[in-house]
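Subject: Structure for you to look at

Hello,

Here is the structure I said I would pass on.

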Amino acid sequence: MSEHRIGFEAFDCAPGLRLEAHERVAKLQFDSLNRRLDKMESAIEKLERRLWLTVYGVVGVILAQAFQSVMGVTP
């Protein structure tokens with residue numbers, strides 16, 4: 001049997017429209033979630049860079065103090 005009958009137009013049924021709307025909403029939610037995850041990843045990368053800069057700074061200060069103490073001991 002044919003899906004289209006002569007004299008009748010094809011129409012969208014309510015469950016099909018509801019499913020389509022749900023799929024659009026789910027896609028929007030996933031897109032929003034992906035954008036937020038990208039923002040969080042970039043913030044974490046910036047924080048990691050700052051942390052390493054701090055670590056290198058502290059190590060530099062400790063080495064400078066050790067060098068000063070060695071220079072103070074030798075005449």
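A residue is called buried under 20% relative accessible area, exposed over 50%, and partly exposed in between (1.4 Å probe, protein chains only). By that scale E20 is partly exposed, since its relative accessible area is 42%.

This is a predicted model, in which local features need pLDDT of at least 70, side-chain atom pairs count only at pLDDT 80 or more, and totals for chains, interfaces and linings use all residues. Residues are numbered from 1 along each chain as its sequence is written, and side-chain values use heavy atoms, with hydrogens and water left out.

Salt bridges

Side chains of opposite charge can pair when their charged atoms come close. A salt bridge here is a side-chain nitrogen of Lys or Arg within 4 Å of a carboxyl oxygen of Asp or Glu. The whole structure contains two.

One joins E20 to R24, with 3.4 Å between the closest N and O atoms. These two residues are four apart in helix α1, so about one helical turn separates them. (Helices are DSSP runs of H or I, at least four residues, numbered from the N terminus.)

The other links K27 and D31, at 3.0 Å from N to O. K27 and D31 are also four residues apart in helix α1, again about one helical turn. K27 is exposed at 52%, whereas D31 is partly exposed at 28%.

Surface charge

D38 belongs to helix α1, which covers residues 14-73, and is partly exposed at 48% relative accessibility.

Regards
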